[in-house]
Amino acid sequence: MSETTTRPRRFLAFARNTWRGLTSMRTALILLFLLALAAMPGALLPQRSLNLPRALDYIDSHGWWGRFLDRLQFFDVYASVWFSAIYLLLFISLVGCLLPRTVEYAKAIKAQPVLTPRNLTRLPHSGEAESDATPDEVVAGARRHLKGWRVLEREEEDGVRTVSAERGYLREAGNLVFHFAMLGLIVALAVGKMLNYEGQVIVVADGSEFCNSGTLGYDSFKPGLRVDGTDLAPFCVRVNGFDASYLPNGQAEQFTAQVDYQAGTDLDDDHWQPYRLQVNDPLRIVGDRVYLLGHGYAPTFTVTFPDGQRRTQTIQWRTVDALTLLSEGATKFDPPGVTDSEERRKRQIAVTGLFAPTALIEDKVLTSSHPQLTDPAVAVDVMRGDLGIDSGRGQSIFEIDQSLVDSGRLTRVARENLKPGGAITLDDGTKVTFDGVQQWVSLQVSHDPTQLWVLVSAVLMVLGLGVSLTIKRRRVWVRATPAGDGRTVVRVGGLARTDQAGYGEEFNRLAALLLDPRRDS
Amino acid sequence: MPVNETLANYGDWLYGAAALVYVFAMVLYTTEQAFTRKAKRSEQAEAKVLVGAGAPAEVADTPKIGRLEEQPGRGRADRAGRMAVALTVLGALLHLTSIVLRGVATGRAPWGNMYEYGAATMFVAVVTWLVLVRKFDVRRLGAFVLTPVVILMFLGGTALYTAAAPVQPALQSYWLVIHVAAAILSSGLFLVPGVVSVLYLVRVKHDANPAKFARLGPRLPVADALDRLAYRTTIFAFPIYTFGIICGAIWAEAAWGRFWGWDPKETVAFVAWVVYAGYLHSRATAGWRGTRAAVINSVAFGMVVFNLFFINLVIAGLHSYAK
Ligand code: HEM
């Protein structure tokens, strides 16, 4: 034989062996364990996708070990090469085992129960009795007791009659439904990963609006692999108010945001629909879901400049203590009407510090004793100088740039505790007033067009599993041999086609009936 | 809704009483175990029928597995065993009452924190055991099942104890009732096969080498019976567990904005599910039945317990409020 003919053949043999190996039950089993093993680090190590600061902190504090794990994608387990590889192999293995099984099943549905073996006593379950019934009666009795079984009668020589029966064909159907549904679920998940998006935004609950018109409207936005943010489902949400109720110990009882929303034609004729947005009860519109994720306080400050001009702002402050809703933040003001940027950067003002919904002041230190808005107060530093807003560098809306303070370009000009209505007058006559407080809500907008398919697959999985695990595949045979003087020897045999566990009692019950043909169940 | 402190206190008190009664039952099960010399005759008779041809009479009157038959010479053991079951039933009734009182006192489903979750799960485990004792001849193994039950109840009543209170907004959903109920039901059911699979391994070790587990080995039911019990209970619990995970995903979609996010709790639930799927597969794979399957089943239950304790208590995730 020449080289040229054997090489493709060898390759074919290799491919066939690989395919067989990959689709064998043993490989599936090993892949299942690998999947389980590979998923574990994601539960034990902080993951970037869930908690970025903690993941970074972990990497930092573990030196080379942290960096090593990071290189191996242990902080992005579910997007890692190795996790995806196992997942993909399992998928291929699943397809490879399902196709032949489906073909086989299609053949098996039409097949007749197999012939009665010659020697029934060699079967795992068997029994024998002599009866005064005729072979015909034995067969008739078997028919009666084998309702719901697929039954085949045969005659052998010397007047011997046999019955082969089988049942539980649906088991394999259930099993196939389960595996195919799992396949569907995996595909739906993968498509979802392409097309989904998730964005978060904070909206002050004073009638402010948010529109899903582009990614820039969001504070953070996570697009799927195939989403560029250009055609988000159009809708707007207006947050009119927010209520929270608490237990005396500060534990939250219920959150409700009163919102209006518009979508579709409502957008054109500016029509709003009301909705009570609550935890566990998202607003579902035009294929998107809007969730109420969190809430907090947004104090309102007014700065009256020496020339009499006033600026008022309500900016969200972030929660520092989830139990008492003590909050911190920085509300930043540009002096109005100053066109010279050099001059402006000497007179920008920031009001920073703490806000407490229920103030507790000890030694002039402000804390909060309860999350409910009963006795609000702020403890603020008023900073004046260059806020660095014009520098082009992005900065947190909750903080001032500390480096500008350190370099002396931003200086503290007052420190005071204020109740609503309270004011501070600075040395140049500028007046800072704490007017009051609004609440803010943090909303999440989620979009995943395959979600329903995932659900349908999952439900089919449970149904298929239920069928597959409750229905049992059983075979039973009866042979009636005439023994002379009107008597008949009845032999029965049984075989469990799946899970050997526990055909024993069931077979014994059935055998007792079959061996005694005159008995009614 | 305000909490009825008095009822809640009675509930806690009954919880302790139930655990105490279980301890007494354990002592009696152990007594029965100690008086049992070797696998009972009825089991050996059954094993024979399974492998060989039987005379018709024998087929017809094969002892029904699990029917408690008086056997001469086992009087003392049998009496201890019956009393143990009676005490277990009493404990279960106290246990149930305690759970109901918690529910009435708080006016919600009584599984909103780890104490309540553990209490309900252990109740399911005990009831599962009582049902199995009626069907299989495994009564004298009661102490092995009640040991983890009592330990977990002790942990639940001390380290994890939570005073009766309403639950926070994220938990106020009928999905709490369904999802957590499915989790409780399946975890409680899984406890029994988890224990039985370990006993199976002991028995198999002993059968291979009688010097190993020389005291315990011969007193356990035959390996086949243990394997069957573990398998049957697991296939009953597994679809419920699957259903529970799916309900969790549906609830997460409504509460957290995504149906699956690889939160640690979700991850370990998934891992345990995959290992259980591995168990079912192993029983259909040549060379993986028997010992390997039993190891896998024990590991799977280990994951369930790990998910309950380690993930809730040590790892911070969205589920942490379940504390
Ligand atoms: C190569 C791929 C696979 C093959 C050849 C395969 C084959 C089988 C077979 C023959 C059964 C029936 C076992 C029995 O009757 O006890 C079964 C059951 C099952 N399979 Fe798979 N399977 C594969 C992949 C998977 C995967 C990837 C999963 C999920 C993680 C899975 C989950 C299950 C479950 C839960 C059962 C239990 C249902 C039952 O026992 O009837 N299978 N599988």
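Predicted model: local features only at pLDDT ≥ 70, side-chain atom pairs only at ≥ 80, totals over all residues.
Because residues from both chain A and chain B surround the ligand, the site is shared between chains.

An N or O atom in the side chain of A:S468 is 2.5 Å from an oxygen atom of the ligand, and a polar side-chain atom of A:R171 lies 2.7 Å from an oxygen atom of the ligand. On the chain B side, a polar side-chain atom of B:H281 lies 2.4 Å from a nitrogen atom of the ligand.

Chain B can be described next. It has 10 helices and zero strands. Of its 323 residues, 61% count as buried. One of the buried residues is B:D78, whose relative accessibility is 6%. B:D78 lies in helix α4 (residues 75-106) of chain B, and a polar contact of 2.8 Å joins its side chain to that of B:R139.

Chain A, in turn, contains paired strands. Strand β2 (residues 150-155) and strand β3 (residues 161-167) of chain A run antiparallel and are joined by six bridges. Within this pairing, A:R154 stands opposite A:T162 of β3(A). The hairpin formed by β2(A) and β3(A) has five residues between the strands, and A:D158 there takes a positive phi near 65 degrees.

Another strand of chain A, β14 (326-333), pairs with two other strands, as the following details show. Is β14(A) largely enclosed or largely open, and how many of its residues are buried? Seven of its eight residues are buried, so β14(A) is largely enclosed by the rest of the structure. Three bridges join β14(A) to strand β13 (residues 318-321) of chain A, and the two run antiparallel. In this pairing, A:D321 has A:L326 of β14(A) as its bridge partner. Four residues lie between the strands in the hairpin of β13(A) and β14(A), where A:L325 takes a positive phi near 60 degrees. Strand β15 (residues 348-356) of chain A is also antiparallel to β14(A), with seven bridges between them. There, A:T331 stands opposite A:V351 of β15(A).

The loops of chain A deserve a look as well. A:P336 is found in the loop between β14 and α10 (341-347) of chain A. With a relative accessible area of 9%, A:P336 is buried, because it falls under the 20% cut-off. A:P336 and A:F305 are 31 residues apart in sequence, and their C-alpha atoms are 8.3 Å apart in space.

Two further loop residues of chain A have a positive phi without being glycine. For A:Q73, phi is near 65 degrees. A:Q73 sits in the loop between α5 (63-71) and α6 of chain A, and its relative accessible area of 25% makes it partly exposed. For A:D270, which is not a glycine either, the positive phi is about 50 degrees. A:D270 occupies the loop between α9 (265-268) and β9 (273-278) of chain A. Is A:D270 buried or exposed? With a relative accessible area of 52%, A:D270 is exposed.

Note on methods:
Residues numbered from 1 in each chain as written. Chains lettered and ligands numbered in written order. Heavy atoms only, no water. Pairing = 2+ DSSP bridges. Near = heavy atom within 4 Å. Polar contact = N/O pair within 3.5 Å; in protein donor to acceptor, adjacent residues only side chain to side chain. Buried < 20%, exposed > 50% of the residue type's maximum accessible area, 1.4 Å probe, protein only.
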